[in-house]
2 protein chains.
Amino acid sequence: MVSRRNQSVTVIDVAREAGVSKSSAARVLSGRGSASPATQRRVTEAAQRLGYRPNALARAMVSGSSHTIAAVIPDVANAFFSATLRGLTDAARSAGFEVIVSNTDNDADVEARSLELLAEKRADGFVVAPVFQDAPEAITRLVEDGTPVVLLDRRMPALADLPLVSVDHVGASRLATEYLIELGHRRIAIVTEAPDRLTDLRELPPDAEISSLRPSTQRLLGYVQALDDHGVELDQDLVLESDYDAGSARAAVSAALDAGLGFTALYCTDAIVTLGAYNAVADHQVAVPDDISFIGFDDQEWTTLVRPSITVIDQPRHELGSAAATRLLAQLRDIDPDERDLRLPAHLIPRESTAPPR
Amino acid sequence: MVSRRNQSVTVIDVAREAGVSKSSAARVLSGRGSASPATQRRVTEAAQRLGYRPNALARAMVSGSSHTIAAVIPDVANAFFSATLRGLTDAARSAGFEVIVSNTDNDADVEARSLELLAEKRADGFVVAPVFQDAPEAITRLVEDGTPVVLLDRRMPALADLPLVSVDHVGASRLATEYLIELGHRRIAIVTEAPDRLTDLRELPPDAEISSLRPSTQRLLGYVQALDDHGVELDQDLVLESDYDAGSARAAVSAALDAGLGFTALYCTDAIVTLGAYNAVADHQVAVPDDISFIGFDDQEWTTLVRPSITVIDQPRHELGSAAATRLLAQLRDIDPDERDLRLPAHLIPRESTAPPR
DNA sequence: GTGAAAGCGCTAACAG
DNA sequence: CTGTTAGCGCTTTCAC
């Protein structure tokens, strides 16, 4: 039981032990090239005996591939991203890749530094959920250098050329809104954290550009589209604007409730906003779904625990990550995908919080 | 905007551009060794001009350190581990390290393969939340080879020599149990997923070994200790055994409720078990805290959303991760820690689900 | 202070 | 099939 026994066992050691040349040993150890059965056996056994462990660093140096992909995301501790990361690592592993994670906290500088660092470590490719900014130079630099980059969940106009794997946010909102409309609702409020003004949205951007809007904006757009399609009038007062935090959403919904806007349904476009909105509804002791139907975003654990349980829009998080990884790996193998972008459908999970209006 | 521009810019290129020798360039680029201000400037500018990006792989090869640590955990998508991973990456980053993650799903083979793979990539050290098994050879092999390993959250007897960073599980349960006792409860039920028989626990193992018991067992032990300390009789019937899944916990608690065991408080020793138990209590329309006081485990989001809100035992997840990283990094720098193990205290967050018995 | 040269562990021609 | 040689990009003696 020698300390640091293997820290040093190299192909040369194995070759010596097996009584063959360095290259013969290397050949059988790497599985490339041919070797006689005898050599094969002797080398394998020698390696076994010595406890040889190939040095992936050295391999990467010469092969040019580290078999590592980088995931640059806002926060692993966030349920959405942790589930996505899981999908990512699963797909990566089955292709023989490992993943190295970095959190940005939506800070552009941190993102830039992470990207640079991971590029130095020679990650073969990047999956990044980028920080919203005008000039994501760190990303464009990677791309210019020929490093494959797949965008996850979001994309800005400056990155319009890059492949994007995301949920169909517009479709997700249409799903929710139409479900409510079909139940008979006409006055449907939406809680949104989209920073964009609603008026801008009425002049629908061409389809190509929609995917470069923020997810929150796309979700708002889906709501507008669904209303339009079904001839339901859009009431600006029912668009409840919130910041990206529960307290703000709670306040917005609370105010709307106090204002007596007379809406019969409430659709929340984001997990955190759902939380705040739910609290406001609980505070006001509104009867759900009798007085108000409620649709939340993301199939969070608590949505099945509260009474009534909450109807939600569920995003395929795991699949999102695995799709991103798969997409990236294809690019690494120079396989051209059919479509540049991949847009996964969200699903509606009907529960007790939605019903026809009274 | 040449494609793959940097994929190739090396120290040699920079040296040429700066009109100095390779080693001079390397010296200023790496920051080691000395160079005249003039050289310094020329090299720096040349590097800047060319968009030089150091190859960390090559650096690692010669320096012997990849500045990467491996996190081998059951599942990133699990809230506990994702929060812990966040702490881990935060601490790692501030020390200039990156982390590469691997999920084991509590499968020994997967764990062994991950460990091997990451060792091949020459991770400088490992933080692992090991799969419970008798002979974790993959781990011991690493240790024998001199690779620093820090255990996270759990440890088996076979790994008793390795440093462990964990929550004080025994203390966590004492906290919960004593809180209930002090409220006046005497018939306190516990929902446990500990596989160990309670009888074994009465013969308290020496302190050193306690930390090598499973977390669930330690939590059960804390409950027993607290009862003993306060002279409250332990009733075997109030130890509700469950598998590690919500359905099982729900069934166990449901059965206990039906059996009319007359307990006035219920303490759940794990997040998933809390979920099941909560459902059972809701099913039976037990009044909380009037009929039964309820303490859950882990400060999950939903515990503040349901009515009444749930009193919980909160584990310092983020801190757990950062402590593990810090511990590992210290070991990498050959710093001997004061204590081999690190045991972080859990906290009780009092909410509405607990009150004196009626 | 600076350059030449060796070497980290491995793979990939290239002869033999 | 096998051994010799060169080289991936970088750091590090070691003379000058």
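Author: Before we start, one definition: two strands pair if DSSP finds at least two bridges between them. The model here is predicted.

Reader: Fine. How are chain A and chain B related, what rotation superposes them?

Author: Chain A goes onto chain B by a rotation of 180 degrees, with 0.0 Å of shift along the axis and an RMSD of 0.1 Å. That is how a two-fold axis relates two copies.

Reader: And how much of the contact surface of chain A recurs in chain B?

Author: Of the contact residues of chain A, 100% recur in chain B, so the same surface serves both copies.

Reader: What's the strand order in the sheet of 12 strands?

Author: The order is β11(A)-β5(A)-β4(A)-β3(A)-β1(A)-β2(A)-β2(B)-β1(B)-β3(B)-β4(B)-β5(B)-β11(B). The sheet is open and its pairing is mixed.

Reader: Which strands stand at the edges?

Author: β11 (342–344) of chain A and β11 (342–344) of chain B. Each has a single partner strand, so one side of each lacks a neighbour in the sheet. On average, neighbouring strands here are turned by 20 degrees against each other, direction ignored.

Reader: Take β1 and β3 of chain B. How many bridges join them, and do they run parallel or antiparallel?

Author: Four bridges join β1 (residues 68–73) to β3 (residues 125–128) in chain B, and the two strands run parallel. Within that chain, B:Ala70 has B:Phe126 of β3(B) as its bridge partner.

Reader: Which strands does helix α6 of chain B lie across?

Author: Helix α6 (residues 108–120) of chain B lies across strands from both chains: β2 (98–103) of chain A, plus β1, β2 (98–103) and β3 of chain B. The helix runs at about 155 degrees to β2(B).

Reader: Other sheet now. What is the order of the six strands in chain A?

Author: β7-β6-β8-β9-β10-β12, again open with mixed pairing. At its edges are β7 (239–241) and β12 (347–349) of chain A, each pairing on one side only. The twist from one strand to the next averages 20 degrees.

Reader: Which residue stands opposite A:Ile295?

Author: A:Thr311, in β10(A). Strands β9 (residues 293–297) and β10 (residues 311–314) of chain A run parallel and are joined by three bridges.

Reader: Which strands do α11 and α13 of chain A lie across?

Author: Helix α11 (residues 215–229) lies across β6, β7 and β9 of chain A, at about 170 degrees to β6(A). Helix α13 (residues 271–283) lies across β6, β8 (265–268) and β9 of chain A, at about 150 degrees to β9(A).

Reader: Where is A:His185?

Author: A:His185 is in the loop between α8 (169–183) and β6 (188–192) of chain A.

Reader: Is A:His185 buried or exposed?

Author: Buried, because its relative accessible area is 1%, and the cut-off for buried is under 20%.

Reader: What is A:His185 in contact with, neighbours within four places aside?

Author: A:Leu180, A:Thr264, A:Ala265, A:Ser293, A:Ala355, A:Pro356 and A:Pro357. A:Ser293 is 108 residues away along the chain, with 8.8 Å between its C-alpha atom and that of A:His185.

Reader: How many disulfides over all chains?

Author: Zero, in a search of the whole structure. As for Cys268, A:Cys268 is buried at 0% relative accessible area, and B:Cys268 is buried at 0% as well.

Reader: Last one. What does the UniProt annotation cover in chain A?

Author: The unreviewed UniProt entry annotates residues 9–63 of chain A as "domain: HTH lacI-type". Over that stretch the chain is 71% helix and 0% strand, with 20 Å between the end C-alpha atoms.

Note on methods. Residues numbered from 1 in each chain as written. Chains lettered and ligands numbered in written order. Predicted model: local features only at pLDDT ≥ 70, side-chain atom pairs only at ≥ 80, totals over all residues. Heavy atoms only, no water. Disulfide = S-S within 2.5 Å. Buried < 20%, exposed > 50% of the residue type's maximum accessible area, 1.4 Å probe, protein only. Least-squares fit on C-alpha atoms with pLDDT ≥ 70 in both. Contact = heavy atoms within 4.5 Å. UniProt positions renumbered as here; feature names shortened; annotations may be inferred. Axes fitted to C-alpha atoms, helices over the stretch in contact; angles between N-to-C directions.
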